[in-house]
Amino acid sequence: MILVSPLCELEPLLADRICGEVARVFGYPTEIHPLLSDVEFALDEDRLQYHSTPILERLDQAAPANALKVLAVVAVDLFIPILTHVYGEAQLGGRACVVSAYRLKEGLPPARRPQDFQGRLVKEAVHELGHTFSLRHCKDPSCIMHYCRTVKDVDRKSMQLCRYCRVMLNDEIKRNSGIRELRN
Ligand SMILES: [Zn+2]
Ligand SMILES: [Zn+2]
């Protein structure tokens, strides 16, 4: 099971859309379940942004054993020390990832804001989960695993994995189910 954990006000329809896309791309049952009450522990008081790495650690600790992966959705501005900001972060091949809505509203005319913003958030959510399934950044600008520096890059990419990343994901899913069978 994959858990989607909103740590901000998230419209029910948007939460459902994220769950639906996650279930479609990764093929696991997906549920909404808030795990942390807030992310204030991750606030950097000099930068006034939130460091995403400690959020991943807390998520991993808080997630129940039957959660294969956990995705948090936050409204605050995230960073890692080497970058001014990030749209999200993931434990590569691990269990936890986080995506931020904060910068995904940039550059949208008000009329287009709700639908385009939602599409961006869903793409970046699937992208971060892709990393937890050991997928790395992809050179194909239309692949959902393409690294996006700006929201324009996010708008340009599709909701799909390219054929190469799809093969890598299927291998990883097979490997994961093999490990679970061994444990049982
Ligand atoms: Zn990435
Ligand atoms: Zn790709």
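This is a predicted model: local features need pLDDT of at least 70, side-chain atom pairs count only at pLDDT 80 or more; totals for chains, interfaces and linings use all residues.
Burial along α1 is divided between two sides. Ile18, Cys19, Val22, Val25 and Phe26 are buried. These residues lie on the same side of α1, because they cover an arc of only 140° around the axis. An α-helix has 3.6 residues a turn, so residues three or four places apart point the same way. The cover over the buried residues of α1 includes β1 (2-6), β2 (30-32) and α3 (113-132). Pro12, Leu13, Gly20 and Arg24 are exposed on the other side of the helix. Arginine 24 counts as exposed because it has 12 C-beta neighbours inside 10 Å, 12 or fewer being the criterion. The C-alpha atom of arginine 24 is separated by 16 Å from that of arginine 163, which is 139 residues away along the chain.

Helix α1 also forms part of a right-handed β-α-β unit, together with β1 and β2. The two strands of this unit pair in the parallel sense over 3 bridges, with valine 4 standing opposite isoleucine 32 in β2. β1 pairs with β5 (residues 69-74) as well, in the parallel sense and over 5 bridges. In this second pairing, leucine 3 has valine 70 as its bridge partner, and valine 4 has leucine 71.

β1 is largely enclosed by the rest of the structure, because 5 of its 5 residues are buried. Ile2, Val4 and Pro6 point one way from the strand, whereas Leu3 and Ser5 point the other way. In a regular strand the side chains alternate between the two faces of the sheet.

These pairings belong to an open sheet of 5 strands, ordered β2-β1-β5-β8-β7 and mixed in its pairing. β2 and β7 (88-90) are the edge strands, each pairing on one side only. On average, neighbouring strands of the sheet are turned by 15° against each other, direction ignored. Helix α2 (residues 52-62) packs on the sheet and touches β1, β5, β7 and β8 (96-100). The direction of α2 makes about 130° with that of β8. α3 lies across β5, β7 and β8, and runs at about 160° to β8.

Positive phi values also occur at residues other than glycine. Most residues other than glycine have a negative phi. Leucine 48, which is not a glycine, has a positive phi of about 55°. This leucine lies in the loop between β3 (43-44) and β4 (49-51). Leucine 48 is exposed, because 10 other C-beta atoms lie within 10 Å. Serine 134 has a positive phi of about 70°, although this residue too is not a glycine. Serine 134 is located in the loop between α3 and α4 (151-156). With 15 C-beta neighbours inside 10 Å, serine 134 counts as partly exposed.

Terms used:
Residues are numbered from 1 along each chain as its sequence is written. Chains are lettered from A and ligands numbered from 1 in the order in which they are written. A residue is buried if 20 or more other C-beta atoms lie within 10 Å of its own, exposed if 12 or fewer, and partly exposed in between; C-beta atoms are placed from the backbone. Helices (H or I, at least four residues) and strands (E, at least two) are DSSP runs, numbered from the N terminus. The arc is that of the directions from the helix axis to the C-beta atoms. Two residues are in contact if their C-beta atoms, placed from the backbone, lie within 7 Å. Two strands pair if DSSP finds at least two bridges between them. Axes are lines fitted to C-alpha atoms, for helices over the stretch in contact, and angles run from 0 to 180 degrees between N-to-C directions. A crossover is right-handed if, with the strands pointing away from the viewer, the path from the first strand over the helix to the second runs clockwise.
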